[in-house]
Amino acid sequence: MTTSPSKLYLKQVLIATTLISIVSGVFFNMFPLYYFFLFPYMVLFFAATTLTIHYLLTSGAKPKPQRFVSHFMMVTGGKFFFYLIVLTISAFNIPRNEILSFAITFFVFYLIYTTIEIRSVLGFL
């Protein structure tokens, strides 16, 4: 039985989200000073955003595969600016002593979820 690429991608994102939550839970229990109140929402935000971006990329490639590159660039650029806006708004709404932890975590999550997304899109082509 073959699994559709979308179901496989959903499974990869859920596994990554679960692993991130477990590793982060252990880390924040060992170093509670680095915990910030937006962390649980950040994990869900990145998982939901990544799934949405994947849907936009794959659905945009189906009607005209030859336009995939321009569609990919448009969606990726939009995602980057959306993340930048969220990062900026969040940075103004968290305590100053948590900003560094927040920014580092945001960057690490961005790298992890973007890597998963790009690997999936390359497999989709």
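**Entry 1: the pocket**

I looked up the largest pocket and found a volume of about 400 Å³. I noted how a pocket is found: on a 1 Å grid over the protein atoms alone, a cavity is a set of points where a 1.4 Å probe fits but cannot get out, whereas a pocket is an open set with protein on both sides within 12 Å along at least five of seven lines. Lining residues have an atom within 4 Å of a point. Grid points are joined across faces, edges and corners, and the volume is the space filled by probe spheres set on the points. Rolling a probe the size of a water molecule over the atoms shows where empty space is left.

The largest pocket is lined by 16 residues, and Phe27, Phe28, Ser101, Ile104 and Thr105 are the closest to its centre. I sorted the lining by type and got 12 nonpolar, four polar and no charged residues. Here Ala, Val, Leu, Ile, Met, Phe, Trp, Tyr, Cys and Pro count as nonpolar, Asp, Glu, Lys and Arg as charged, and the others, Gly among them, as polar. Helices α1 and α4 each supply at least two lining residues. The largest share, seven residues, comes from α4.

**Entry 2: what I am looking at**

The model is predicted, so local features need pLDDT of at least 70 and side-chain atom pairs count only at pLDDT 80 or more, while totals for chains, interfaces and linings use all residues. Residues are numbered from 1 along each chain as its sequence is written, and side-chain values use heavy atoms, with hydrogens and water left out.

**Entry 3: the whole chain**

I counted four helices and zero strands. Helices (H or I, at least four residues) and strands (E, at least two) are DSSP runs, numbered from the N terminus. The pattern along the sequence is α-α-α-α. The C-alpha trace spans about 50 × 35 × 15 Å along its principal axes.

Of the 125 residues, 34% are buried. Buried means under 20% relative accessible area, exposed over 50%, and partly exposed in between (1.4 Å probe, protein chains only). I also looked at contacts (heavy atoms within 4.5 Å). Among those between residues at least 6 apart in sequence, 73% join residues at least 24 apart.

How far apart are the end C-alpha atoms of α1? They are 37 Å apart, which agrees with the 38 Å that 26 residues should span at 1.5 Å a residue. The expected span is 1.5 Å times one less than the number of residues. Helix α3 also has 26 residues and reaches 37 Å, close to the expected 38 Å.

The buried residues in α1 include Tyr9, Val13, Ala16, Ile20 and Phe28. An α-helix has 3.6 residues a turn, so residues three or four places apart point the same way. In α3, the buried residues are Phe68, His71, Val75, Lys79, Tyr83, Val86 and Ser90.

**Entry 4: the cores**

A nonpolar core is a set of buried Ala, Val, Leu, Ile, Met, Phe, Trp, Tyr and Cys residues joined through side-chain atoms within 4.5 Å. The largest one has 21 residues, and Phe36, Met42, Phe46, Phe102, Phe106, Phe109 and Tyr113 have the most contacts inside it. Helices α1 (5–30), α2 (39–61), α3 (68–93) and α4 (99–124) each give two or more residues to this core. The largest share, six residues, comes from α4. Another core, of five residues, lies apart from it and includes Leu57, Phe68, Val75 and Val121.

I followed Val75, which is in helix α3, and it is buried at 10% relative accessibility. Val75 touches Ile53, Leu56 and Leu57, leaving out residues up to four places away in sequence. Val75 and Leu57 are 18 residues apart in sequence, but 7.1 Å apart in space, C-alpha to C-alpha.

Outside four places in sequence, Phe82 touches Phe45 and Thr49.

Ser90, also listed in α3, is buried at 13%. Beyond its neighbours within four places, Ser90 is in contact with Leu38 and Phe102.

Ser120 lies in α4 and counts as buried at 14% relative accessibility. With neighbours within four places left aside, Ser120 is in contact with Tyr9 and His54.
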